[in-house]
Amino acid sequence: MKLPQRISGLQHHIWSPRLLNWLIIAAVLLLSASFARPGYERLVRLVALAGLGFLVILFFLRQPAWGLLLLIAAGPLVHFEIGTGTESRLNATMLILVFLVGVWVLDMLVIKRQLGLVYSPPLAPLTGLGIIAILSFFIGQLTLVPLANPASLASQLGGVALYLFAIAAFVWTYHQVKEIHWLQRATWIFLALGAVYILGQLKLPLLNYVSRFFHIGSIGSLFWVWLVALSFSQALFNSRLGIKWRLANGALAAAALYIGLFPSRSWASGWMPPLIAVIAILFVALPRLRWLLLGAAVFVFVQYSQSILNYLNSGVESYSYSTRIEAWRVLADLIRINPLTGLGPSNYYFYVKLYALRGYYVSFNSHNQYVDLVAQTGLLGLFFFLWFAWRTWRLGWKLIDKAPPGFARAYVFGALGGLAGTLAAGMLGDWVIPFVYNIGFRGFRASVLGWIFLGGLAALDLILKQPASETNGIEQNHLAINAHAAFHPDR
């Protein structure tokens, strides 16, 4: 659609090289003034920072998809955080996401002057989830549980923010990623970072301390889910990827699973969801073997069911399993107070102190995403979340036959496997939408990966619907970036 002349002229003016020249000249003059008049140094710094911020905004207005790469890299590597006056701190991932969404809104409402939202099947349930989260916040201000104090206002606002951040990550991604090579770049950057971390975990020479540079919040369950899902799918199904890179991806998936299944076996969130992701990928990608896979899964379950029960009834696992069941029973009594919209974000953590858990009156969290959803946003919140998962799965299922061979089709398989693993991770903790008093703000560094890569699936759907002349080489998986494509290994 052609923009009105006035708006088009505004865009041309913003990107004009002449404007950049004047900004550079102004910066030089300001620096000169700071040397001539030392008393004005603080003012000069403020003006310089404002000018730098303006240039950054201009860059992301012109190249918004670079924000996707920034989000993925910042989670593990940028440890910068801002205090909120509580124990929760706004981290780099959240701040970057807010900035990117703000630039996108600025572009829509000020420059283009039109609400450029594009429909995708998961958008409706996500909108419903956001509305319910906000509604639950307001209902949470009522006295739902006599004799109990709710969470602080800051904590409740933080709980709502985690819902909105997750939704924003998905919606922003599928709106701003308009060419397939951005999905490729994002995938390879994430896998490269994951490979560095895995090598550090394997205690290889010279790499023993590499993993210490990764923020602890960035290596939650969804980090392992999407690392295994994307590397495994690219290794098996990217027919246009060089053999050495396919082997490298396969080795990465195997190494990640090895770490989860052996050195870190006690942490089920690190190996069970990724393993489910692999099974889901094989199920959707190999239709002729589906019944065989299902039969093998049933056989293994029956064969080792007693061993699984013995494992759950032994030591720490027995305590963890039994206390979770009792915690869910307590929460079930609380949820009955307002089953439709829940008790409001963060509130149940303080309400449970009125109920005895093994004789103790203490605060606790559910360690389960779905129980958390019901406790905070009610059955309506759970409904919209599951509806979102279903619509995203259907979207990916339809893309299997539409996606061209190579990266795109492998990405679809990986995203479907990642979705299955993400939903499985939700059974073991609040890994998908973190709970303020458990995984918390820092855990959003990892949980955002699921929302980004699923948003990439929706973006791929829109890209494939474009006319062939506008897909910018959708059949092309050869993106030359740096020598021998360390950035993008397709050859």
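Is Ser346 buried or exposed? In this predicted model, Ser346 turns out to be buried, since its relative accessible area is 0%. Its place is in the loop between helix H13 (315-335) and helix H14 (348-351). The backbone here is worth a look too: Ser346 is not a glycine, yet it has a positive phi of about 75°. Most residues other than glycine have a negative phi.

As for cover, His367 counts as partly exposed because its relative accessibility is 30%, and the partly exposed class runs between the 20% limit for buried and the 50% limit for exposed. Ser346, at 0%, falls in the buried class instead.

Zooming out, the protein chain has 491 residues, and 49% of them count as buried. Its secondary structure comes to 17 helices and two strands. When contacts with a separation of 6 or more are taken, 77% of them come from residues 24 or more positions apart. The accessible surface of the chain comes to about 24,200 Å², and carbon and sulfur atoms hold 67% of that.

Part of the surface is a nonpolar patch of about 500 Å². Six side chains make it up, namely Val105, Leu106, Leu109, Val110, Leu115 and Leu117. Leu115 sits in the loop between helix H5 (92-111) and helix H6 (123-139). With a relative accessibility of 60%, Leu115 counts as exposed, so this leucine is over the 50% limit used for that class.

Another loop residue, Asn238, is found between helix H9 (221-237) and helix H10 (243-261).

Conventions
Residues are numbered from 1 along each chain as its sequence is written. This is a predicted model: local features need pLDDT of at least 70, side-chain atom pairs count only at pLDDT 80 or more; totals for chains, interfaces and linings use all residues. Side-chain values use heavy atoms; hydrogens and water are left out. Patches are made of residues with over 30% relative accessible area and no salt bridge: like charges are joined within 9 Å, nonpolar side chains (Val, Leu, Ile, Met, Phe, Trp, Tyr) within 5 Å. Accessible areas come from the Shrake-Rupley method with a 1.4 Å probe; for residues, only the protein chains shown count as cover. A salt bridge is a side-chain nitrogen of Lys or Arg within 4 Å of a carboxyl oxygen of Asp or Glu. Helices (H or I, at least four residues) and strands (E, at least two) are DSSP runs, numbered from the N terminus. Buried means under 20% relative accessible area, exposed over 50%, partly exposed in between (1.4 Å probe, protein chains only). Contact means heavy atoms within 4.5 Å.
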